[in-house]
Amino acid sequence: MAPTKRLTQKDIAQLAGVSQATVSLVLNGTPDSRNRIPAETRERVEKAIRDTGYVADPVARRMVKGLNRILGVFTYEPAFPSGQADFFTPFLFGIEEAAQDKGYDLLLLTGAGKERKIFGENARLRLADGCLILGRKFDNTELARLVAGDFPFVAVGRRDDAGGPVPYVGGDYAPATAALVERARSLGHDRLAYVGLNEGAESTVDRWYGFSRSVGEGELVASIFDVGRPAGETLDILTAAGATCLFFTELADAVRVEQAARERGLSVPGDLSIVVLGNHIRADEPGRRFTSFAIPREAMARAATEMLVRRVEHDAPVEQLLLPCEPLEGDTLGAPSSKTKKTS
């Protein structure tokens, strides 16, 4: 054969001394059909493939199976800059692990243009057999278009209906948040405070729902529906309200307020307890482990990838799955001191 000629299945069949149909079955058939081929024959075909370095034409394979065996991964925020890496890295680990196990390659879709859009100009979505969508907040217009279309996709993270149910795998934040509130209440905290957004992304809404429904007979003495506020200003509001246990949606806010409290001579958790609603990858500051709950990021990503493969290969119906978030003890939640109780 001329070295410049592209090898075909016919060439492999001639080298192995079998029919082209046999080669096709080895390459593209189902496990059952491949098992019908004698082991010796299958080994001759596989040896010819190995010896020649033959790579099946992806277009031809798509015509046979209807698949490229490629899964797209689209993120609404950059996945790799250091500011985002802590958020996306475990998701990417989980996706890669499941994709490799299922025999799929991955295609990272970043969207064309300044704004990240799934359906932007020069969109390459259809190069993949299906797509995993990640992001703190989705474009609802694009999500509705995906729901209305025929392209298989799965969202990583719970998503509200978008003209129809959205297939997703998410973390079950509401009960995990409620469990932390109940833990604080059982220790004697009856003056609670909440710092963080209470609307917007579904994960944010779930945290607020879990918190607000679990306060019970306790008193919500302060709510700061904001993030990134100066730590001293935040601490002034919370201490003036007599809060004994502070719940933060953002680790960065909790870190700054905890430091400001120490600078004022307040001990954590002796004088003030702090809880973070969901662990972050760098949740541990030197000498400090915040009481929180673990977000099963890798497990979510693996389950979402497996769900997508079911949709791609078997046209599976829409599934929605929430995985439990296990508590993380930490060292920032304790019983309120007698001094704090008297002050409040």
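**Helix packing and nonpolar cores**

Helix α8 (residues 173-186) and helix α9 (residues 202-212) pack at an angle of about 35°, with 7 Å between their axes, which are lines fitted to C-alpha atoms over the stretch in contact, the angle running from 0 to 180 degrees between N-to-C directions. Helices here are DSSP runs (H or I, at least four residues), as are strands (E, at least two), numbered from the N terminus. This is a predicted model, in which local features need pLDDT of at least 70 and side-chain atom pairs count only at pLDDT 80 or more, while totals for chains, interfaces and linings use all residues. Residues are numbered from 1 along each chain as its sequence is written, and side-chain values use heavy atoms, with hydrogens and water left out.

**The α8 and α9 pair**
- The contact (heavy atoms within 4.5 Å) is made by residues including Tyr173, Thr177 and Val181 of α8 and Asp206, Arg207 and Phe211 of α9.

**Helix α10**
- In α10 (residues 231-240), Ala231, Thr234, Leu235 and Leu238 are buried, that is, under 20% relative accessible area with a 1.4 Å probe, protein chains only.
- These buried residues line one face of the helix, because they fall within an arc of 95° seen down its axis, taken from the directions from the axis to the C-beta atoms.
- Among the elements covering them are β6 (191-195) and α11 (251-263).

**Nonpolar cores**
- In the largest nonpolar core, of 42 residues, Phe211, Phe247, Phe293 and Met300 touch the most other members; such a core is a set of buried Ala, Val, Leu, Ile, Met, Phe, Trp, Tyr and Cys residues joined through side-chain atoms within 4.5 Å.
- Helix α12 (residues 297-314) gives the most to this core, with eight residues.

Technical notes:
Buried means under 20% relative accessible area, exposed over 50%, partly exposed in between (1.4 Å probe, protein chains only).
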